[in-house]
Amino acid sequence: MNSYDVIVIGVGGMGSSACYHLSKRGYRVLGLEQFNLGHHFGSSHGETRMIRRAYFEHSNYIPLLNRAYELWKDLETESKQSIFIPCGLVIYADPKTSAVYQGTLKSAQKYKIELKKWDRPTAIKKFPIYLPAENQRALFEPEAGLLHVERAVLTHTSVAKQFGAQILENVKVLDYEILNSCVKVRTNQGVFEAAKLVVTSGPWSGALLKELGLPLKLHRLYQHWFKASPKHRLENAVPCFAFHSDEDFYYGFPMLDGKTIKIASHFSRETLLNPSEKDALVIPEEKIDAVRNFIKKSLPLVTTDLDRISSCIYTMTPDEHFIIDTHPEINSLVFAAGFSGHGFKFSSVTGEILADLTLEGKTKYPIDFLSLKRF
Ligand SMILES: Cc1cc2nc3c(=O)[nH]c(=O)nc-3n(C[C@H](O)[C@H](O)[C@H](O)COP(=O)(O)OP(=O)(O)OC[C@H]3O[C@@H](n4cnc5c(N)ncnc54)[C@H](O)[C@@H]3O)c2cc1C
């Protein structure tokens, strides 16, 4: 029997960070991952994720974001890897009708986050590669940017290993048993034992935490890379972009590979019954055509020539806020799930919160709004 202080089930975005924070505090940690680290079967792949502080989803997230930013910097310093690129984010929307525009502005005002407001001519002059519609105005957040997503997962795990964590890839957890003094985790490669358990199994959380009946739904989303002019290169001080309207919410990133930019829609999605359906179902051609139509309207220097596509899973809660909590009956089990398509930027701080809950039974961060009790 292999024995540890803490076992982390699922070493993706959140689990890699939990392994890092737990091992950094000197605990003997085992991370169990059913695939290779940085795989493309769950939610943490596709090269990039956006990070922004003027949070339209709810200003409750901003204290967590402030800490997330600090922790990304710490990880970069410790690992000497570049993970966060502060290239900025420009959002185009109709100020009168767009909840994204209004929420971003409100959060920035409340927390004094730097945000520039531009009329349409100014917006076009600032970034001529993006073309807002007649009714759209722009908000520019200079301290927003992108995170290298797979690199973040791999860096959290490699630094965790330096702190003594053991991370096992291609080990699938079948089930676990909570005993009086320990937890036993049964896998396809043997049984492991620890004092505490952290479950960060992303789209597989509903199955692994079945007894909690988590209100999670899985959605499949697409990330597309279209060929574009070199004017989109990150080196040309190009920011991330988002275009919000009633019909859709497209967003994308500067060019990182010298030939394509990544574009995705936040609205265009399909329900999945389980994570394995993600790669089994064909991607409908009309979904890709809708992105081409968006490009024709809004991105004059991007072609409609699709270079590659990758699907990815959102694990949605009913209110689209995360669930980070201790099991209501078992205080040796903490979990984080339901990141509802906007969680990656928080993974650095989520690992810290999970370490707090596991080791101290509480955290100083304001996470009451993310408790399971609200459902
Ligand atoms: C297309 C797309 C775009 C997004 N854009 C953004 C963005 O711009 N900004 C942002 O902040 N967020 C964004 N998100 C959301 C963000 O990526 C997710 O919230 C985050 O990656 C979720 O991380 P996770 O750790 O919960 O899940 P995952 O990273 O999927 O990790 C769960 C891990 O658990 C493992 N696992 C599950 N079951 C078992 C088992 N039984 N045994 C062993 N291992 C197991 C899985 O293999 C997996 O590696 C986006 C998501 C998608 C899909």
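**Close-up views of a predicted model**

**View 1. Ser 3 in strand S1.** Ser 3 lies in strand S1 (residues 2-9). The model is predicted: local features need pLDDT of at least 70, side-chain atom pairs count only at pLDDT 80 or more, and totals for chains, interfaces and linings use all residues. Residues are numbered from 1 along each chain as its sequence is written, and side-chain values use heavy atoms, with hydrogens and water left out. Helices (H or I, at least four residues) and strands (E, at least two) are DSSP runs, numbered from the N terminus. Ser 3 has a relative accessible area of 39% and is partly exposed; buried means under 20%, exposed over 50%, and partly exposed in between (1.4 Å probe, protein chains only). Neighbours within four places in sequence aside, Ser 3 is in contact with Arg 28 and Glu 193, where contact means heavy atoms within 4.5 Å. Ser 3 and Phe 226 are 223 residues apart along the chain, and their C-alpha atoms are separated by 48 Å.

**View 2. Tyr 176 in strand S10.** Strand S10 covers residues 173-178 and includes Tyr 176. Tyr 176 is buried because its relative accessible area is 16%. When residues up to four places away in sequence are not counted, Tyr 176 touches Ile 9, Lys 184, Val 185, Leu 197, Leu 208, Leu 209, Glu 211 and Leu 333. At Leu 208, the side chain of Tyr 176 reaches the backbone oxygen at 3.0 Å. Thr 187 is 11 residues from Tyr 176 in sequence, with a C-alpha to C-alpha separation of 8.7 Å.

**View 3. The sheet S3-S8-S4.** Three strands form an open sheet in the order S3-S8-S4, with antiparallel pairing. The edge strands S3 and S4 each pair on one side only. Two strands pair if DSSP finds at least two bridges between them. S3 (residues 48-51) and S8 (residues 145-148) are joined antiparallel over four bridges, and Thr 48 has His 148 in S8 as its bridge partner. S4 (residues 84-85) runs antiparallel to S8 and is joined to S8 by two bridges. Phe 84 stands opposite Leu 147, and Ile 85 stands opposite Leu 146. Strands of a sheet pair through backbone hydrogen bonds, either parallel or antiparallel.

**View 4. Helix H5 across the sheet.** Helix H5 (residues 149-162) lies across S3 and S8 and runs at about 55° to S8. Axes are lines fitted to C-alpha atoms, for helices over the stretch in contact, and angles run from 0 to 180 degrees between N-to-C directions.

**View 5. Helices H2 and H9.** The axes of H2 (residues 62-79) and H9 (residues 347-360) come within 7 Å and cross at roughly 100°. H2 and H9 are therefore roughly perpendicular to each other; angles of 65 to 115 degrees count as roughly perpendicular, under 35 as roughly parallel, over 145 as roughly antiparallel and the rest as oblique. On the H2 side, Leu 64, Arg 67, Ala 68, Leu 71 and Trp 72 meet Ser 347, Ser 348, Val 349, Glu 352 and Ile 353 of H9. By class, this contact has six nonpolar, two polar and two charged residues. Ala, Val, Leu, Ile, Met, Phe, Trp, Tyr, Cys and Pro count as nonpolar, Asp, Glu, Lys and Arg as charged, and the others, Gly among them, as polar.

**View 6. Ser 79 in helix H2.** Ser 79 lies in H2 and counts as buried at 18% relative accessibility. With residues up to four places away in sequence not counted, Ser 79 touches Thr 155 and Val 159.

Definitions and conventions:
A polar contact is a pair of N or O atoms within 3.5 Å; within protein, one must be able to donate a hydrogen and the other to accept it, and residues adjacent in sequence count only if both atoms are side-chain atoms.
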